[in-house]
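Have a look at it first, then read on.

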Amino acid sequence: MSDLLERLRSRGWRMTAQRRVVAEVLDGDHVHLTADEVHARAARLLPEISRATVYNALGELVALGEVAEVSTDGRAKRYDPNARRPHQHLVCSSCGTIRDVHPAGDLLAALPESERMGFTVSKTEVTYRGLCPACSRPVLQ
């Protein structure tokens, strides 16, 4: 059984066939799918699954804190099943590929008190941007 499915079962999430397929599609490392991509992959496994069912399941997973919504540069929201593992993201500025990264050190502690402007900071979100290997290769003609 996948890590995400195990976590959902332990929380008592009612596991319908549709919800199970959505969770199976989302499971894995470096998974950052749009809702439409989740629907397309889920429909290969369960052809009768509707787009509305996928959106509802994703909304529930986000509300449970088991999946995180990731938004980058006005692109479609992506869904990250690694919501419980602290990490940051590396995003390709060209194709939008997203990878999870785990920088060393405490990013919250890196913000000096003088830069906090009185805020009580509880969370950091850092996005590293650049070109992925596929986008940085020269195109041969």
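## Salt bridges and helices

At 39% relative accessibility, Asp36 counts as partly exposed (buried means under 20% relative accessible area, exposed over 50%, and partly exposed in between, with a 1.4 Å probe and protein chains only). Before going further, a word on what you're looking at: this is a predicted model, where local features need pLDDT of at least 70, side-chain atom pairs count only at pLDDT 80 or more, and totals for chains, interfaces and linings use all residues. Residues are numbered from 1 along each chain as its sequence is written, and side-chain values use heavy atoms, with hydrogens and water left out.

So what does Asp36 pair up with? Arg51 forms a salt bridge with Asp36 (a side-chain nitrogen of Lys or Arg within 4 Å of a carboxyl oxygen of Asp or Glu). This pair links distant parts of the chain, with Arg51 in helix α4 and Asp36 in helix α3 (residues 35–45), 15 residues apart. Helices (H or I, at least four residues) and strands (E, at least two) are DSSP runs, numbered from the N terminus. Arg51 is partly exposed too, with a relative accessible area of 42%.

The structure holds 8 salt bridges. Here are some of them:

| Pair | Closest N and O atoms |
|---|---|
| Glu60 and Arg19 | 2.4 Å |
| Arg51 and Asp36 | 3.1 Å |

Glu60 and Arg19 form a salt bridge. The pair ties together distant parts of the chain: Glu60 sits in helix α4 (residues 51–64) and Arg19 in helix α2 (residues 17–26), 41 residues apart. Arg19 is buried at 15% relative accessible area, while Glu60 is partly exposed at 29%.

An α-helix has 3.6 residues a turn, so residues three or four places apart point the same way. Arg7 is buried, with a relative accessible area of 11%, and Asp3 is partly exposed at 32%. Both belong to a network of salt bridges that also takes in Arg11 and Glu66.

## A closer look at α4

Which residues of α4 are buried? They are Val54, Ala57, Leu58 and Leu61. Seen down the axis of α4, these buried residues fall within an arc of 100 degrees, so they line one face of the helix (the arc is that of the directions from the helix axis to the C-beta atoms). On the other side of α4, Asn56 and Ala63 are exposed.

## The pocket

The largest pocket has a volume of about 620 Å³. A pocket here is an open set of points on a 1 Å grid over the protein atoms alone, where a 1.4 Å probe fits, with protein on both sides within 12 Å along at least five of seven lines; lining residues have an atom within 4 Å of a point. Grid points are joined across faces, edges and corners, and the volume is the space filled by probe spheres set on the points.

Lining this pocket are 27 residues, and His87, His89, Lys123, Thr124 and Glu125 lie nearest its centre. Strands β2 (68–70) and β4 (88–92) each supply at least two residues of the lining.

Met117 lies in the loop between β5 (98–101) and β6 (127–130). Its phi is near 50 degrees, a positive value in a residue other than glycine. Most residues other than glycine have a negative phi. At 66% relative accessibility, Met117 is exposed.
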